Each structure stands twice: as C-alpha cells, then as structure tokens.
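This briefing walks through a few local features of one protein model, topic by topic. Please keep the sequence and the structure in view while you read.

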Amino acid sequence: MAPPPVGAGDCLHPGLAEPRTKEDWFSYVFYEPPSRPLLPPYEVYLAMDEDDAERRRLNRSRNRYHSALVLAWTPAVRHFETEITELLAANEMAPPGARLGLLIDGPPTVGKSTLVKMIARKFEQELREDFPERFAPDRLGDYVPVVYISLTDQVTPKQISLAIARYLNVPTSGTKDTIDDRVLTALTACGTQLIIFDDLHFLDCSFKEGRASNDHIKFLANHAPCTIIGTGADLENSPLLSEGGPAVPRRRSGRTRTPPPAAVGDVRTQTAGRFSRQELAPFSLDSDDGILQWVGVIRSLERSLALYRHEEESLTRRHWRYLHERTDGSIAGLHALIRRSAVRAVQQGTEAITREVMDSIVLSYAHERAYAKVTELKTRQKAREAKQKQGGQRAAADGSV
C-alpha cells in the first residue's frame, strides 16, 4: 500500500505525531521537513511594514523551518546504527527461537527515542531503494519492515498486543490469545524485521502487570521472526533485567555499563540473557573527543539558521560551553534552546541568536534546575576566589607596613 503523501506543503498539519499505526510510520519515513526559505535582501525585508502579509508569511515560513531543524548523525547515532544493523543481519535467517535484542538505556532527554526512529527510518528507506518490488501497490498484503510501539504506564500484555494489532490494522476483537495469534500471523505476513518498544521503563516488573508484560515481550521474541530493540530510562536500575528481583548496582564505564562480578549471578534471567544493554549518555566535555563531538553538533545546527544578522559560528566558537551548561549536555535540550531562540530572534527582530536571547528562554524544569546548580557553583567559586584575593592583598599590605 502506498503511503499517504506528506510534505512541506501540508500547511494544516506540517508536523508529525508519534507513530501509532503503520500509516503514521509511513508518513514519518516519507516526511520532508520544510525547506530553507529564500530570504530577500535585508534592506528589502526592513522596508516591509510589520503588518505586511508578505513579511508575516516570510517569518512564518522561517519559524516552521527552524522548528524542524533535524538531529545530526552524531558518533553515538552512528554507533547504534552499526549495532542495530548488525543485529538485523545476524537475525535475518536465524533458526526458530528468540532473536538477539538490544536495550538502549539512558537518562531522559538524551535522544534515545529520536535516535532509534532515525535509524529505523533509514533502514526502511534503504529497503525501499533496494527492494522496490516489496512495496509495490499491487503486492498481496502490505510489507511492513518496521513496527514502532510506544509503551504506556502500567501496560498490560493485552495492551501490547492491541497496540501492535492497531499498528498493523489487525482486528482487535476477541480474547488475548486470539489477538496474539493474529498479531504473530500479521508480523510474519508483513515481513516485519524490526520491532521497537519505546519507553520500556514503563514495564515495572516489581508489579504483577509489569512482570506479565515483560513475559509477553519474551513471548513475542520467541515466536515473531523479528529483531526487538527497546529503549528506556535507567533500565539497569529498574527490575526489568532482574525481572522483579533486586536491581543491579550502578557503575559507570563509558557508554555501556557492566554489572560488577558480584552481581552477575543476580541477573540470570531470560531478559538479561537475550538482550544486550548499552547506554546513551549526555554529551560530556571531559575529553577532547567529547568536546569536538559537542561542538560539531552545535556547528551543524548553527549553519542551518535562516537569520539575517546572526554572526557566523558565534555559538560554536564562543558559547559552546555555555550551551552545554545550559542543557546539561542533552541533545533534546540543545535543540529546544536553539529552536526557541531562532523563533524569538525572528519575532523580536534581533535576527541573531545571542547570549541575551538564549538567557531569556525558559527550558524544561529539569534543565533549568541543572543549570541553576551550575550557576550556583560558579557564584560560590567566584566568591571564594575574591575572598582569597582580598586576603592576599591584606597580607601584602601588612608586609609592606
């Protein structure tokens, strides 16, 4: 079935909602963000009256363009693209039984959901290029290589099956076993290769419903010939990998975190035995490589701005550390700050993202709290340094007397 046409010209609903059906996913796969608007000379723009319809249309098109600034393919995205692509290849013709899976763990706002959707979108786009016959409109049945399911709080096994059924347009009447059979049949008939379960932290295995839902995902892994990728916040400290038992002690070791030897015996569960776990962490400035990666993301966003008076690479050269402090190294926070600042620069007529403009933006509560701690520490440090300087000056004055 051909996906519905979606593009920049769809003015009523130019954005995309979280996919809940295969049609929603097809829209995401084919979605083209608004193109960069063609700006007239600045003198011509200034000559336009503020109430002029042409000026309003131009500013509105710039706002739409800035709101759709895309995420960069950072080293972390490329790392997980390699991991997922290798898993898909290793699982493609595997014998019956549970395929290898991957859990992408990490704190909120580091881009886990966006990352996995970007990779899955590229995977399907490449399939469409390499095997166009699979997507032919006259093909008997749909080819749906990717299923994306965003879990909800206290999700039950039947709700998981219903979500997949709705995604694939499978009838949802009947008992759970009936729906499960339809779902498994549809996944095979649709040639589904990748199932993504987003927000796995909602599977609270310390409760009966969570353990049952966890078991249901293992059931799908056993009987659906698909690769399952899960994302979630702080999965290592959740009962997911221990399936209701004690959580594994936390220990950081770069992108991935490995349980200490003493805890290995505590996680001999089917989930822990079938899924590898890797962490997507916020950007860090504790190494030259980390700084270069962060600066590279800022540069890619800054070069996309459609503003008249923005100084080229001013954010990249002068404000990269401030941007990290302001967003706590969060890619979602960085995008939110730059998008909001670009819109404000257009609305207020500054036509540039400056420190003053960025300071006027209020980000999420979590980001604002983290930044408040940073500024408080800086204030204390400056106070200590001033006190030490004054003490040194008094000592020097006493010595001279």
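A charge is said to sit over a ring if NZ of Lys or CZ of Arg is within 6 Å of the ring centre and within 35 degrees of the ring normal. The model is predicted, and for that reason local features need pLDDT of at least 70 and side-chain atom pairs count only at pLDDT 80 or more, while totals for chains, interfaces and linings use all residues. Residues are numbered from 1 along each chain as its sequence is written, and side-chain values use heavy atoms, with hydrogens and water left out.

**Charges over rings**

- Arg-121 lies over the face of Tyr-28, at 5.5 Å from the ring centre.
- The ring of Phe-131 has the charged end of Arg-134 over it, 3.8 Å from its centre.

**Aromatic pairs**

- Rings of Phe, Tyr and Trp (its six-membered ring) pair if their centres lie within 6.5 Å, and planes under 30 degrees apart count as stacked, over 60 as edge-to-face and the rest as tilted.
- By this rule the structure has eight aromatic pairs.
- The centres of the Phe-283 and Trp-294 rings are 5.3 Å apart and their planes stand at 55°, so this pair is tilted.
- Helices (H or I, at least four residues) and strands (E, at least two) are DSSP runs, numbered from the N terminus.
- Phe-283 belongs to the loop between strand 5 (275-279) and helix 10 (288-302), whereas Trp-294 is in helix 10, so the pair ties together parts that are eleven residues apart in sequence.

**The largest pocket**

- Cavities and pockets are found on a 1 Å grid over the protein atoms alone: a cavity is a set of points where a 1.4 Å probe fits but cannot get out, and a pocket is an open set with protein on both sides within 12 Å along at least five of seven lines, while lining residues have an atom within 4 Å of a point.
- Grid points are joined across faces, edges and corners, and a volume is the space filled by probe spheres set on the points.
- The largest pocket has a volume of about 1100 Å³.
- Its lining has 40 residues, of which Tyr-28, Leu-69, Leu-71, Thr-114 and Lys-117 lie nearest the centre of the pocket.
- The elements that give two or more residues to this lining are helix 1 (22-30), helix 3 (53-67), helix 5, strand 4 (227-232) and helix 13 (331-348), and the largest share, eight residues, comes from helix 5.
- For residue types, Ala, Val, Leu, Ile, Met, Phe, Trp, Tyr, Cys and Pro count as nonpolar, Asp, Glu, Lys and Arg as charged, and the others, Gly among them, as polar.
- On this scheme the lining of the largest pocket divides into 19 nonpolar, eleven polar and ten charged residues.

**Cavities**

- The structure holds two cavities of 30 Å³ or more, and the largest cavity has a volume of about 60 Å³.
- Ten residues line the largest cavity, and Leu-200, Asn-214, Ile-217, Thr-271 and Phe-275 are those nearest its centre.
- Helix 8 (residues 208-223) gives the largest share of that lining, three residues, and the lining as a whole divides into seven nonpolar, two polar and one charged.
- The second largest cavity holds about 30 Å³ of space, and its lining residues include Arg-99, Cys-226 and Phe-275.

**Loops and positive phi values**

- Thr-109, in the loop between strand 1 (101-105) and helix 5 (112-130), has a phi near 70°, a positive value in a residue other than glycine, and is partly exposed at 38% relative accessible area.
- Asn-169, in the loop between helix 6 (157-167) and helix 7 (176-189), has a positive phi near 60° and counts as partly exposed at 47% relative accessibility.
- Pro-171 also lies in the loop between helix 6 and helix 7, and at 52% relative accessibility Pro-171 counts as exposed.

**Helix 12**

- Helix 12 (residues 320-327) is mostly covered, with seven of its eight residues buried, among them Trp-320, Tyr-322 and Leu-323.
- Just after helix 12, Asp-328 takes a positive phi of about 60°.

Technical notes: Buried < 20%, exposed > 50% of the residue type's maximum accessible area, 1.4 Å probe, protein only.
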